[in-house]
Amino acid sequence: MKKLIALCLCASSMLIAAEVEVTADKFFADESKKISIFEGHVVVIKEGDKLTAKKIVIEFDDKKQPLRYIATGDAKGNLTMNQKKYYGEAEKMTYEPNKSLYTLEKKAFLHEIETDKKVYGDFIRVDQISGQYQVDGKGAAPVKFIFKVEDKKQ
């Protein structure tokens, strides 16, 4: 029991350093594989961002810093990318903080709140460093991009 508490505190201290709060029904960590697994009603909050899913796996580096967050099962998030607010959802969402890279896969949807731009596809990748967006329908369906245009007729 003491080992479990120590392990939970260790994982918590890693998350607190980055000011990340994770709640879930279940928690499992494997120090040798450098992963933490959260299952059941998982909620991750970091500053103004919020990610929810049925399961989230956090992979860590040797310094116990998060390398990748992988959310699966009805993944939804309110995210800030390049100082813009987004809402996204997909079967699988991955965030790689060191690369500032978001990937949404399977039934992916990304909505830029302020401009009301919406993108649908089977694969959406947002590279915050380069400012590049990649969307692919993966042959299942066409990519859809919806935006508004002001009509300046007088």
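## Strands β4 and β5

Nine bridges join β4 to strand β5 (residues 66–81), and the two run antiparallel. For the bookkeeping, strands (E, at least two residues) are DSSP runs, numbered from the N terminus, and two strands pair if DSSP finds at least two bridges between them. This is a predicted model, where local features need pLDDT of at least 70, side-chain atom pairs count only at pLDDT 80 or more, and totals for chains, interfaces and linings use all residues. Residues are numbered from 1 along each chain as its sequence is written, and side-chain values use heavy atoms, with hydrogens and water left out.

To get your bearings in this pairing, look for Ile 56, which stands opposite Ala 71 in β5. The two strands make a hairpin with five residues between them. In that turn, Lys 64 has a positive phi of about 65 degrees.

## Strands β3 and β4

On to β3. Strand β4 (residues 49–60) is joined to β3 by 10 bridges, again in an antiparallel arrangement. Lys 46 has Asp 49 in β4 as its bridge partner. This hairpin has two residues between the strands, and Glu 47 takes a positive phi near 50 degrees.

## Aromatic pairs

Now for the rings. Searching the whole structure turns up five aromatic pairs. Here, rings of Phe, Tyr and Trp (its six-membered ring) pair if their centres lie within 6.5 Å; planes under 30 degrees apart count as stacked, over 60 as edge-to-face and the rest as tilted. One of the pairs is Phe 27 with Phe 38, tilted at 45 degrees between the planes and 5.0 Å centre to centre. This pair links distant parts of the chain, with Phe 27 in strand β2 (residues 26–30) and Phe 38 in strand β3 (residues 35–46), 11 residues apart. How accessible is Phe 38? Phe 38 counts as buried at 7% relative accessibility, while Phe 27 is partly exposed at 29% relative accessible area. Buried means under 20% relative accessible area, exposed over 50%, and partly exposed in between (1.4 Å probe, protein chains only).

Phe 109 and Tyr 120 have ring centres 4.7 Å apart and planes at 35 degrees, so this pair is tilted too. Phe 109 sits in strand β7 (residues 101–112) and Tyr 120 in strand β8 (residues 117–127), so the pair ties together parts that are 11 residues apart in sequence. Phe 109 is buried, with 13% relative accessible area, whereas Tyr 120 is partly exposed at 31%.

## An aromatic cluster

Finally, Tyr 69, Tyr 95 and Tyr 102 come together as one aromatic cluster.

Key. Helix = DSSP H or I, 4+ residues; strand = E, 2+ residues; numbered from the N terminus.
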